[in-house]
Amino acid sequence: MIGPEIPITIRPEAPGDEEIIFAITEAAFADMKHSDGDEQHLVDRLRKAGDLTLSLVAEDGTRIVGHIAISPVKISDGAKGWYGLGPVSVWPEVQRAGIGGALVKRAIADMRAAGAMGIVLLGSPEYYSRFGFQYVPQITFPGPPAEYFQTLLLDGEMPSGEVTYAPGFYG
Ligand SMILES: CC(C)(COP(=O)(O)OP(=O)(O)OC[C@H]1O[C@@H](n2cnc3c(N)ncnc32)[C@H](O)[C@@H]1OP(=O)(O)O)[C@@H](O)C(=O)NCCC(=O)NCCS
């Protein structure tokens, strides 16, 4: 799919969006088998800790229909300027209409414009490879199958090491 089937605008979250972001995240992950049901609280924890580097919402003209979060990560080799993408959430009834893809593309563009060196994420290789993410063996994340942890280099050289997310990811 090239662009959203539903016309949307994307903007940074604003005060007052917190509840709808919580509701969309909860609804999007409700039936996901890899979810621990904590993603909506995770976004709140990141916000509270000042770790929501980027928090974008997609609006269809009348309501917010999607959300994406970016937060800082550490890489054990000390590389600076790296971020984690996710969670990404789209209301279940409007999924598969290009909204999630538009949010991912805009988040990548915004982070590139802000001078980020790279982005990592945990997710389906099938879905995220279309945005340029790939499995990079030298960037590791403990736990899930290695190929689900993917990397997009934006600038500079590929780091090497284990990734640690912002504290909000760990409860
Ligand atoms: C993943 C998600 C954000 C994608 O948003 P979306 O608006 O539905 O995605 P798009 O319409 O841009 O893209 C749809 C495409 O992605 C594919 N896709 C969507 N979710 C996928 C998944 N979990 N695994 C593999 N492919 C997926 C669809 O097959 C579709 O492919 P096609 O265009 O070739 O038919 C959304 O489905 C969602 O909120 N899912 C639940 C929460 C989640 O899993 N978030 C991601 C992990 S952080």
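Asp60 has a relative accessibility of 27% and therefore counts as partly exposed (buried means under 20% relative accessible area, exposed over 50%, and partly exposed in between, with a 1.4 Å probe and protein chains only). This residue forms a salt bridge with Arg63, and their closest N and O atoms are 4.0 Å apart (a salt bridge is a side-chain nitrogen of Lys or Arg within 4 Å of a carboxyl oxygen of Asp or Glu). Arg63 is itself partly exposed, with a relative accessible area of 32%.

The structure is predicted, so local features need pLDDT of at least 70 and side-chain atom pairs count only at pLDDT 80 or more, while totals for chains, interfaces and linings use all residues. Residues are numbered from 1 along each chain as its sequence is written, and side-chain values use heavy atoms, with hydrogens and water left out.

Across the whole structure, a search finds eight salt bridges. One of them joins Arg11 to Glu59, with the closest N and O atoms 3.2 Å apart. Arg11 lies in strand 1 (residues 9–12) and Glu59 in strand 2 (residues 54–59), so this pair ties together parts that are 48 residues apart in sequence (strands, E, at least two residues, and helices, H or I, at least four, are DSSP runs numbered from the N terminus). Together with Asp17, Arg11 and Glu59 are linked in a network of salt bridges. Another pair is Glu13 and Arg47, whose closest N and O atoms are 2.9 Å apart. Glu13 sits in the loop between strand 1 and helix 1 (18–29), and Arg47 in helix 2 (residues 39–48), so the contact connects parts that are 34 residues apart in sequence.

Strand 3 (residues 64–72) runs antiparallel to strand 5 and is joined to it by six bridges (two strands pair if DSSP finds at least two bridges between them). Within this pairing, His67 has Ser89 as its bridge partner. Strand 5 also pairs with strand 6 (residues 118–122), in the parallel sense and over three bridges, and here Trp82 is partnered by Gly118.

A separate topic is the open sheet of three strands, which has the order 4-9-7 and mixed pairing. Its edge strands are strand 4 (74–75) and strand 7 (139–140), each pairing on one side only. Strand 7 runs parallel to strand 9 (residues 161–164), with two bridges between them, and Ile139 stands opposite Gly161.
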